[in-house]
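Please read them with the coordinates open.

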Amino acid sequence: MPVRADVSSVWEDPDKVREFGEEEVTNLLQESLEAFRDERNLLRIGRGKTLFVGDTHGNFSATKEAFRAFSSGGFDRIVFLGDYVDRGEEQLENANFVLSLRLAKPERVLLLRGNHETFSTNSRYGFRQAVAEKLPEGFFVLYNRAFSYLPLAAVTWDGIFAVHGGIAEGLDSIGQIDGLPRGELEPTSDLVLQLLWNDPSEEVDGFAFNDQRGGFCYYGQGALAKFMDANGLRMLLRSHEVFLEGFKRFFGGKLLSIFSSTGYCGLPIKGKVACLSSDGEVSLMGIEG
Ligand SMILES: [Mn+2]
């Protein structure tokens with residue numbers, strides 16, 4: 001019987017995550033996999049003050065800062081939009097931290113899958129190496145197995161659609177999302193890949209080939225408006241792209257993109273998180289770290 005990871009103590013003191021040994025990590029990953037597997041692909045968020053966190057990419061201190069803002073700000077829940085690993089200095093700590101939060105209080109913590117929570121991507125951008133430096137062979141696949149069951153998107157009570165990349169060409173209804181396959185280390189579904197990889201663009205109206213992202217799409221205002229009208233949505237909240245100010249609004253404010261790490265790849269990013277009040281107002285908050 002493996003030693004259980006003490007996720008409640010991590011909730012009280014995030015740095016406790018540094019004390020996890022191999023058995024605790026094994027248990028954390030197995031319990032996370034089982035918890036995600038029991039969730040739907042599309043999470044439903046009921047009315048309440050909600051904090052959204054964009055890419056953190058191994059920046060454990062930025063994630064801790066976001067969690068402090070959540071804890072001290074009277075929030076009902078926190079939603080992470082993916083990209084916990086790759087690039088940063090403390091990728092294992094960052095991943096273990098968000099997984100611990102999710103297990104400690106599942107009703108208050110939601111985790112979505114980012115494009116870096118896929119095998120081919122995190123093999124290339126640092127996570128495989130970060131795991132190999134601290135844990136025996138085999139753990140890299142255990143992490144990816146847990147990641148493969150992460151939910152893909154969420155929708156709030158007041159019509160905000162939250163997803164890592166964006167809308168997908170060929171996906172007309174949010175109701176289709178629950179039917180998409182999960183549990184693949186490397187997603188094979190074109191729609192899953194687009195949800196994780198697509199980027200908005202003011203230069204196109206519908207969908208267009210995105211040559212920066214190797215085969216995925218740009219989506220324009222027309223494509224987004226059509227999707228939002230068909231699904232009774234009012235805003236798309238996503239992450240996935242770096243902006244020096246930590247955010248960018250597109251399409252007259254119908255889309256908000258946030259990035260929550262700081263100092264990403266040597267760039268002086270002013271990381272931001274997004275706050276949704278229980279009245280449905282969306283505001284931005286700066287992240288140090
Ligand atoms: Mn991304």
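**Notes on the model**

1. Buried here means under 20% relative accessible area, exposed over 50%, and partly exposed in between, with a 1.4 Å probe and protein chains only. Helices (H or I, at least four residues) and strands (E, at least two) are DSSP runs, numbered from the N terminus.

2. On provenance, this is a predicted model, in which local features need pLDDT of at least 70, side-chain atom pairs count only at pLDDT 80 or more, and totals for chains, interfaces and linings use all residues. Residues are numbered from 1 along each chain as its sequence is written, and side-chain values use heavy atoms, with hydrogens and water left out.

3. S2 belongs to an open sheet of five strands in the order S4-S3-S2-S13-S14, with mixed pairing. Two strands pair if DSSP finds at least two bridges between them. The edge strands, S4 (109–111) and S14 (282–286), each pair on one side only. From one strand to the next, the twist averages 20°.

4. Helix H3 (residues 60–72) packs on this sheet and touches S2 (50–53), S3, S13 (272–276) and S14. The direction of H3 makes about 155° with that of S3. Axes are lines fitted to C-alpha atoms, for helices over the stretch in contact, and angles run from 0 to 180 degrees between N-to-C directions; contact means heavy atoms within 4.5 Å.

5. S2 and S3 run parallel and are joined by four bridges. Strand S3 (residues 77–80) also runs parallel to S4, with three bridges between them. Val79 can be followed across both pairings: Val79 is the bridge partner in S3 of Phe52, and the bridge partner of Val79 in S4 is Leu110.

6. Which residues hold the manganese ion? Asp83 (OD), Asn115 (OD1), His164 (NE2) and His240 (ND1) coordinate the manganese ion, at 2.1 to 2.3 Å. Along the chain, the donors follow the spacing D-x31-N-x48-H-x75-H. His164 lies in the loop between S6 (160–163) and H8 (190–197), and His240 in the loop between S10 (235–238) and S11 (247–250), so the two histidines tie together parts that are 76 residues apart in sequence. Both His164 and His240 are buried. Donors are N, O and S atoms within 2.8 Å of the metal (3.2 Å for Na, K and Ca); water is not among the atoms, so sites may look incomplete.

7. Helix H8 is mostly covered, with seven of its eight residues buried. These are Leu191, Val192, Leu193, Gln194, Leu195, Leu196 and Trp197. They pack against helix H5 (119–124), S6, strand S7 (199–200) and strand S9 (216–219).

8. Strand S8 (residues 207–210) and S9 run antiparallel, joined by four bridges. The two form a hairpin with five residues between them, and Gly214 in the turn has a positive phi of about 50°. Asn210 stands opposite Phe216 in S9.

9. Is Cys265 buried or exposed? Cys265 counts as exposed because its relative accessibility is 51%. Cys265 sits in the loop between strand S12 (255–258) and S13.

10. Val98, in helix H4 (residues 91–104), is buried, with a relative accessible area of 1%. Leaving aside neighbours within four places in sequence, Val98 is in contact with Thr63, Phe80, Tyr84 and Leu111.

11. As to the whole chain, there are nine helices and 14 strands. Of the 289 residues, 57% count as buried. A compact globule with 289 residues would have a radius of gyration near 19 Å, and the 18 Å of the chain agrees with this; the radius is taken over C-alpha atoms, and the globule rule is 2.2 Å times the number of residues to the power 0.38. Among contacts between residues at least 6 apart in sequence, 69% join residues at least 24 apart.
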